[in-house]
Amino acid sequence: PDFAQVTIQGYIWEINKFLGWLSQNRLNISDLSKVSTLDILEYRKYSRFEKSPQPKTVNRKIATLRRFFSWAESSNFIEASPVRAVRFLDRNATSPRYLSEGQYALISDAVTRTGTARDKAIIHTLRYVGLSVNELKRLQLNDIEIKADKGSVIIHSGRRSLHRDVPLNSVARKALQDYLK
C-alpha cells in the first residue's frame, strides 16, 4: 500500500515503542518469532494505563502491530502473527462532539451582531457544510467553487490522497461569497 510519510513515521514510532517496551520487560527477544500473544496483551494493558490514553489510541497501537506482524508473517519472518487473536478495546461508541441548537444560535447571533465576514464564513461553513474543524483549517482558496446558484468545497482527507466534493447550501455559500469579496 501507498502510505503518507506521516503514516510511515507513525508506524515506525509505534513499533520502536513496542520493541523498547519488550526489551525492558522480557529478556532474550532476539527475533520476532519469540513474541507471543501474551506479550501483545501485556503491551496493550501497559499502553492503556500509560498517560491514560483513550481506547482509540491503544487500538491504533494494536492496529500498527497487527499490520507489522502481518507483514512479518507474509514475508516469512514468523510463522504466525501473535496479534491475530488480540481484540481492540471497546471505544464506547461516542458520537462526535457538536454544538446544540441553542449553542449554535448563541454563536450565530453573536457573529451576526459583531463578527467579521470571516467569522460568519467559518461558523456557517462548519454548521451547514458539516466540516470538522481540521477539515476547515486545511481548506484552501482553490478548494472552494462558488457559482451564482450553487457551490462546493473539496475536502482533502490526507489519507491516501482521497478527496470528496461537499455541496454548499445557500447560507454557507453566501457567507463564503461575502468573505471572499
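Let me begin inside the sheet, where Val153 stands opposite Val166 in β3. Strands here are DSSP E runs of at least two residues, helices are H or I runs of at least four, and both are numbered from the N terminus. The model is predicted, so local features need pLDDT of at least 70 and side-chain atom pairs count only at pLDDT 80 or more, while totals for chains, interfaces and linings use all residues. Residues are numbered from 1 along each chain as its sequence is written, and side-chain values use heavy atoms, with hydrogens and water left out.

Strand β2, residues 151-156, is joined to β3 by five bridges, and the two run antiparallel; a pair of strands requires at least two DSSP bridges between them. Ser152 also faces β3, standing opposite Pro167.

The chain has seven helices and three strands, and from the N terminus on its elements run α-α-α-α-α-α-β-β-β-α. The radius of gyration is 23 Å, well over the 16 Å that the globule rule gives for 181 residues, so the chain is more spread out than a compact globule. That radius is taken over C-alpha atoms, and the rule is 2.2 Å times the number of residues to the power 0.38. Along its principal axes, the C-alpha trace spans about 65 × 35 × 20 Å.

On a 1 Å grid over the protein atoms alone, a cavity is a set of points where a 1.4 Å probe fits but cannot get out; a pocket is an open set with protein on both sides within 12 Å along at least five of seven lines, and lining residues have an atom within 4 Å of a point. Points are joined across faces, edges and corners, and a volume is the space filled by probe spheres set on them.

How many cavities of 30 Å³ or more does a search of the whole structure find? The search finds one. The largest cavity has a volume of about 30 Å³, and β2 gives the most to its lining, with three residues.

The second largest pocket has a volume of about 260 Å³. The elements giving two or more residues to its lining are α5 (117-129) and α7 (170-180), and α5 gives the most, with four. Among the lining residues are Arg118, Gln140, Ile144 and Tyr179.
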